[in-house]
Amino acid sequence: MMNHSLNMDHSSIPLEKQAPSSPLPGMTGVIPPTVCLGHVGIIGLSGRMGQRIVSALEKQRGFRSILGYDRAVISDKSWENMVFCASLDELFEKSSVVIDFSVPELFPHILDAASKNPKPMVIGTTGIEPDVLRLIDAIGRRMAIVVAPNTSLGAIIQRWLAGKLSQFLPHSYDIDIVEHHHRYKKDIPSGTANALADALIAAKKDQGLDICAGQTTSPRQDGRIEMHGLRCGHVFGMHEVIWTGTDDRLVLGHTVFSPHIFADGAIALARWVMNGQKPGVYGAEDALGLTNLSCPG
Ligand code: NAD
């Protein structure tokens, strides 16, 4: 079994850089709050999420340095211990764990660099095409990777619950996924909406559910999850799964109030993935210990 965290000598880290005992109230699960991240490589460092992760790391501590890769190099002297790498190869070589929030187009290069220097990794980028996801699966034989299209605690639990609820509701219920994001978001449907649909399809795999992106068809067709996306305003992320029957309706919703929850979640997942996880491709629900958890009752 690979143990990437063995690369780091955590004993030499000064106390003030050790992670506080409970940095993430609410996202404890099986995520060890005290694992030191060592050298954190961030792909997309200059972007919105990259910068939020830096701020969160500075608040939480529990790391040695921040390494970044981005085509836009920014300088901010208030960020201590932060260095831009000239290449993805350099980033993977020097990092103990890699967190990616960039663009899907960069993935062929990211996976090439990862194959030369496999490191535990969290992928937060959304809109990754299925053929690239298959390449990620292949590289997951050599390193532990968490693919998390939504790193907020509530959304991870929402996805798990959606699969569970789906098992209880008759096939006759129409299923819709409604999502609302800020006007700058590039992909539609969102990665979270796709992940919710995947969970519903997996829960009803014997009934052959299908996804229909875009507008509702009229008349409504059976067996299709209809996806509805809004791109307007400054909404950080709202997802609802709606089951509508003849006589009632069930809504499972999640709304993000602050995007800092994504950064905190990504850091928690990074701690989990570098804490001796075996090579493989994981979901955020694995880190929370939800995968093998059944519904109470
Ligand atoms: P952003 O546009 O602010 O940041 C992307 C960064 O990638 C930019 O700094 C850009 O310069 C860099 N970049 C783009 N092309 C590059 C290239 N070819 N080489 C090097 N760097 C390049 O976007 P963001 O809001 O930070 O979001 C990034 C990704 O994370 C998106 O896919 C978004 O949907 C996703 N996201 C995921 C979650 C989650 O919970 N998993 C939350 C928020 C956003």
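**Close-up 1. The loop between α1 and β2 holds R61.** In this predicted model, R61 sits in the loop that links α1 to β2 (65-69). Its backbone deserves a look: R61 has a positive phi of about 60°, although it is not a glycine. For background, most residues other than glycine have a negative phi.

**Close-up 2. A cis peptide bond joins I188 and P189.** The omega angle of the bond between I188 and P189 is about -5°. P189 is found in the loop between β7 and α6. As a point of reference, most peptide bonds are trans.

**Close-up 3. The ligand is surrounded by 22 residues.** Which residues are the closest to the ligand? They are G47, R48, M49, R71 and G124. Helix α1 (residues 48-60) gives the largest share of the shell around the ligand, namely three residues. Sorted by class, the shell has eight nonpolar, eleven polar and three charged residues.

**Close-up 4. Helix α1 crosses helix α7 (residues 260-273).** Two packed helices are described by the angle between their axes and the distance between the axes. The axes of α1 and α7 come within 9 Å and cross at roughly 65°, and the two helices are therefore roughly perpendicular to each other. The crossing of α1 past α7 is right-handed. On the α1 side, the residues that meet α7 are M49, R52, I53, A56, L57 and Q60. Their counterparts in α7 are H260, F262, A263, D264, A266 and I267. Eight of the residues in this contact are nonpolar, two are polar and two are charged.

**Close-up 5. Seven strands form an open, parallel sheet.** Strands of a sheet pair through backbone hydrogen bonds, either parallel or antiparallel. Follow this sheet across and you will meet the strands in the order β3-β2-β1-β4-β5-β6-β12. Which strands are at the edges? They are β3 (82-84) and β12 (280-283), each of which pairs on one side only. From one strand to the next, the twist averages 20°. Strand β6 (residues 144-147) pairs with β12 in the parallel sense over four bridges, and A144 stands opposite G280 in β12. Helix α7 packs on this sheet, where it touches β1 (39-43), β4 (97-100), β5 (121-123) and β6. The direction of α7 makes about 145° with that of β5.

**Close-up 6. Helices α3 and α4 pack at an angle of about 5°.** Helix α3 (residues 107-116) and helix α4 (residues 130-139) have their axes 11 Å apart. The angle of about 5° makes α3 roughly parallel to α4. From α3, the contact uses F107, L111, A114 and S115, and from α4 it uses V132, L135, I136 and I139. Which classes do these residues belong to? Seven are nonpolar, one is polar and none is charged.

**Close-up 7. Five strands form an open sheet with mixed pairing.** The strand order here is β8-β9-β7-β10-β11. The edge strands are β8 (210-213) and β11 (249-255), and each pairs on one side only. The twist averages 20° from one strand to the next. Strand β9 (residues 224-231) pairs with β8 in the parallel sense over four bridges. Helix α5 (residues 153-168) lies across β10 (238-244) and β11, and runs at about 160° to β11. Helix α6 (residues 191-203) also packs on the sheet, touching β7 (174-181), β8, β9 and β10. Its direction makes about 160° with that of β7.

**Close-up 8. Helices α5 and α6 meet in a right-handed crossing.** How do α5 and α6 run, roughly parallel or roughly perpendicular to each other? Their axes come within 8 Å and cross at roughly 30°, and the helices are therefore roughly parallel to each other. The α5 residues in the contact are A155, R159, A162, G163, S166 and Q167. They meet T192, A195, L196, A199, L200, A202 and A203 in α6. By class, this contact has eight nonpolar, four polar and one charged residues.

Notes: Residues are numbered from 1 along each chain as its sequence is written. This is a predicted model: local features need pLDDT of at least 70, side-chain atom pairs count only at pLDDT 80 or more; totals for chains, interfaces and linings use all residues. A residue is near a molecule or strand if its C-beta atom, placed from the backbone, lies within 6 Å of it. Ala, Val, Leu, Ile, Met, Phe, Trp, Tyr, Cys and Pro count as nonpolar, Asp, Glu, Lys and Arg as charged, and the others, Gly among them, as polar. Axes are lines fitted to C-alpha atoms, for helices over the stretch in contact, and angles run from 0 to 180 degrees between N-to-C directions. Angles under 35 degrees count as roughly parallel, over 145 as roughly antiparallel, 65 to 115 as roughly perpendicular and the rest as oblique. A crossing is left-handed if the near helix is turned anticlockwise from the far one by less than a right angle, and right-handed if clockwise. Two residues are in contact if their C-beta atoms, placed from the backbone, lie within 7 Å. Two strands pair if DSSP finds at least two bridges between them.
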